[in-house]
Amino acid sequence: MPVKRCICSICNKDVTKGSTLHIGDGKRACKFHPGVTEKSEQLAQLEAGRIKDQQERAKPKAPHPLYDRQNMFKPKCWRCGETGIYEQDWFGRMLINMEKHEITTGGPANPFTTRFAPAERCIYRLSKDVLNGKWDKIPRVSNQLIEISGIVCLCIDCMSNMKIDPPACKDMTAEKLIQFSGLYEVAMKPVIREMAAKELARDN
Ligand SMILES: [Zn+2]
Ligand SMILES: [Zn+2]
């Protein structure tokens, strides 16, 4: 193989390529000219930095938890991205836990303890009106979702963080509570009890 040659851009002599260094703009120069080695090293550093930048940019960015394909269809908080279960399922789960307690102990379950609360995070579906003036607390990726749907899903932790009350607590009166418990006994309890009994039978 013939030795590759080139013209030095400083002395204009035809020299071996191996005796020269690249000094930018496709030009090469003999290594012994002053400043040539430094210039060449500088270029190499710049190039290395450019390649690193490019690699950084090419890296796939971690998606916002809201759009994580792994759990696209799990209920999620649109603020923090944590997954959980919707309020309806959450309360249903709590009622089943309480019924299980009643079946196994024969005594009534005290609803004012946390021991029947499901392990999953409770996620409320709320009208977007609750965000009144608190949009800055919501990540930008959620804004369009909220605008289109008119609702916002928030976990109970984010709600307390943003000082948003769960809707039921807002205007719950003693009368309503009594009304509801009457309704519960008649309409829901039999169903819930059946589910609780089935789960107990399955787990034992
Ligand atoms: Zn030269
Ligand atoms: Zn949250």
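Select R125 and then C153: the two stand opposite each other, with C153 sitting in strand β7. Helices here are DSSP runs of H or I with at least four residues, strands are runs of E with at least two, and both are numbered from the N terminus. Two strands count as paired if DSSP finds at least two bridges between them.

Before moving on, two housekeeping notes. This is a predicted model, in which local features need pLDDT of at least 70 and side-chain atom pairs count only at pLDDT 80 or more, while totals for chains, interfaces and linings use all residues. Residues are numbered from 1 along each chain as its sequence is written, and chains are lettered from A and ligands numbered from 1 in the order in which they are written.

**The sheet around β6**

Now widen the selection to β6 and β7 (residues 151-155), which pair antiparallel over five bridges. Another opposite pair to click is L126 with V152 of β7. On to β5 (residues 85-86): two bridges join this strand to β6 (residues 122-127), and the two run parallel. Look for Y86 there, opposite I123 in β6. To get from β5 to β6 the chain goes through helix α2 (residues 87-105), a β-α-β crossover that is right-handed (with the strands pointing away from you, the path from the first strand over the helix to the second runs clockwise).

Show the three strands together and you have an open sheet, ordered β5-β6-β7, with mixed pairing. β5 and β7 are the edge strands, each pairing on one side only.

**The nonpolar core**

Which residues make up the largest nonpolar core? Select C77, W78, W90, C122, I123, Y124, V152, C153, L154, C155, C158 and I164, 12 residues in all. A nonpolar core here is a set of buried Ala, Val, Leu, Ile, Met, Phe, Trp, Tyr and Cys residues joined through C-beta atoms within 7 Å. Buried means 20 or more other C-beta atoms within 10 Å of a residue's own, exposed means 12 or fewer, and partly exposed is in between, with C-beta atoms placed from the backbone. β6 and β7 each supply at least two residues of this core, and β7 gives the largest share, four residues.

Zoom in on C122. Setting aside neighbours within four places in sequence, C122 is in contact with G84, I85, E87, W90, C155 and I156 (contact: C-beta atoms, placed from the backbone, within 7 Å).

There is also a second, separate core of five residues, with L21, I23, A29 and V36 among them.

**The β3-β4 hairpin**

Where does that lead? Select strand β3 (residues 20-24) and strand β4 (residues 27-30), an antiparallel pair with four bridges. H22 has R28 in β4 as its bridge partner. Two residues lie between the strands of this hairpin, and D25 there takes a positive phi near 55°.

Just past α3, G150 has a positive phi of about 75°.

Then jump to A196 in helix α6 (residues 174-203). Is A196 buried or exposed? A196 is buried, because 21 other C-beta atoms lie within 10 Å. Leaving out neighbours within four places in sequence, A196 is in contact with I96, E99, K100 and I103.

**A loop stop**

For contrast, pick N71, in the loop between α1 (36-58) and β5. N71 is exposed, because 12 other C-beta atoms lie within 10 Å. From N71 to T83 is 12 residues in sequence and 8.3 Å in space, C-alpha to C-alpha.

**Zoom all the way out**

Colour by domain: the assignment gives domain 1 (5-58) and domain 2 (65-203), with bounds from an automatic or database domain assignment. Their centres, taken over C-alpha atoms, are 65 Å apart. The C-alpha trace spans about 105 × 45 × 25 Å along its principal axes. The radius of gyration is 34 Å, whereas a compact globule of 204 residues would have one near 17 Å (taken over C-alpha atoms; the globule rule is 2.2 Å times the number of residues to the power 0.38). Buried residues make up 14% of the 204.

Note on methods: Contact = placed C-beta atoms within 7 Å.
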